[in-house]
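Subject: Handover of a structure and notes on its contents

Dear colleague,

Please find below the structure that I am handing over to you. My notes on what was found in it follow directly after.

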Amino acid sequence: MTYNDQILVVKSSLSWGKIKNKRGAGQPVAAFYCFAVILLGNLLASDYVFVYRLIMKINSFGVVDTAIQRPCTHFDERPNDDDISLLVIHNISLPAGQFATPFVDDLFMGRIDCQAHPSFADLAGLRVSAHCFIKRSGEIVQYVPFSKRAWHAGRSEFLGRNQCNDFSIGIELEGTDTTAYTQNQYNALQSLTKALINKYPAITRSRIVGHCHIAPGRKTDPGDSFDWNHYFAAL
Ligand SMILES: [Zn+2]
């Protein structure tokens, strides 16, 4: 085949392709690709992205791979590294009832300005933390690896055992006792709980409690606004 013959073949192929497209034979394929691209875009922009979060992983140090890491200094060693057998759910918002402020992060990072709001006067000198904080958006922020003892429970008791910080994991939901939590928060908490149960099998369903259960009379969170049935239904 000469060079001119090759050109002729290419030209023929191109014109045949044009004819084919004119006749519509190529249109279903193009339409399929367009549909696939639009579908993928919608999936990535929607709550379906939480499908990805279902495969949340926790490493040997107790760090969640999909969480934003904000290592703080409010933690110490657990008396027994192998005893992680309780999950405690809390709520917090600063000021109370106001969301998406920087103050919860400031509190856990040990740099809150107690002059920033009148209600913060009680927080002066307070050194507290939680392993994780779940924002209204469902975003998870991790302050303390699970292998370490976070300071979230305070004076507390579970099944006759005191000092729940020693053997528990504390998760704070951004919220109040009377404001419904968002579905994104339930999704994130459920995914995180599944990953925790997988990593620490001693955390059984009956060993998942609210702060109110281990410090009755002193603490009320996560409050009546937390739907335990809804939460447990997806575990
Ligand atoms: Zn609490």
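This is a predicted model: local features need pLDDT of at least 70, side-chain atom pairs count only at pLDDT 80 or more; totals for chains, interfaces and linings use all residues.

Overall composition and confidence

The chain contains 7 helices and 10 strands. Of its 235 residues, 29% are buried. Contacts between residues at least 6 apart in sequence join residues at least 24 apart in 72% of cases.

The average pLDDT of the chain is 86, and 77% of the residues score at least 70. Residues 1-23 have a pLDDT below 50, and this stretch makes 4 contacts in the model beyond near neighbours in sequence. Residues 49-53 also have a pLDDT below 50, with 5 contacts beyond near neighbours in sequence.

The sheet

Six strands form an open sheet with mixed pairing, in the order β1-β5-β4-β9-β3-β10. Its edges are β1 (68-69) and β10 (208-210); each has a single partner strand, so one side of each is left without a neighbour in the sheet.

How far is β9 enclosed by the rest of the structure? A residue counts as buried if 20 or more other C-beta atoms lie within 10 Å of its own. By that criterion 7 of the 7 residues of β9 are buried, so the strand is largely enclosed by the rest of the structure. In a regular strand the side chains alternate between the two faces of the sheet. In β9, one side carries S168, G170, E172 and E174, while the other carries I169, I171 and L173; these residues are all buried, and both faces are therefore covered.

Helix α5

Helix α5 (residues 183-199) consists of 17 residues and reaches 24 Å from its first C-alpha to its last, close to the 24 Å expected at 1.5 Å a residue. The helix lies across β3 (86-92), β4, β5 and β9 (168-174), and runs at about 170° to β9. The buried residues of α5 are Q185, A188, L189, S191, L192, T193 and L196.

Y186 also belongs to helix α5. Is this residue buried or partly exposed? Y186 has 19 other C-beta atoms within 10 Å and is therefore partly exposed, since a buried residue needs 20 or more. Apart from neighbours within four places in sequence, Y186 is in contact with Y181, H230 and Y231. The C-alpha atoms of Y186 and F232 are separated by 9.8 Å, and these two residues are 46 apart along the chain.

Backbone geometry in the loops

Two cis peptide bonds may be of interest to you. One joins L94 and P95, with omega about -15°; P95 is found in the loop between β3 and α4 (103-108). Another runs from D221 to P222, with omega near 10°, and P222 lies in the loop between α6 (211-214) and α7 (228-233).

Positive phi values in residues other than glycine are also present. A100, in the loop between β3 and α4, has a phi of about 60°. A100 has 10 other C-beta atoms within 10 Å and is therefore exposed. For Q163, phi is near 55°. Q163 has 15 C-beta neighbours inside 10 Å and so counts as partly exposed.

With kind regards

Terms used: Residues are numbered from 1 along each chain as its sequence is written. Helices (H or I, at least four residues) and strands (E, at least two) are DSSP runs, numbered from the N terminus. The expected span of a helix is 1.5 Å times one less than its number of residues. A residue is buried if 20 or more other C-beta atoms lie within 10 Å of its own, exposed if 12 or fewer, and partly exposed in between; C-beta atoms are placed from the backbone. Two residues are in contact if their C-beta atoms, placed from the backbone, lie within 7 Å. Two strands pair if DSSP finds at least two bridges between them. Axes are lines fitted to C-alpha atoms, for helices over the stretch in contact, and angles run from 0 to 180 degrees between N-to-C directions. pLDDT is the predictor's confidence in each residue, from 0 to 100.
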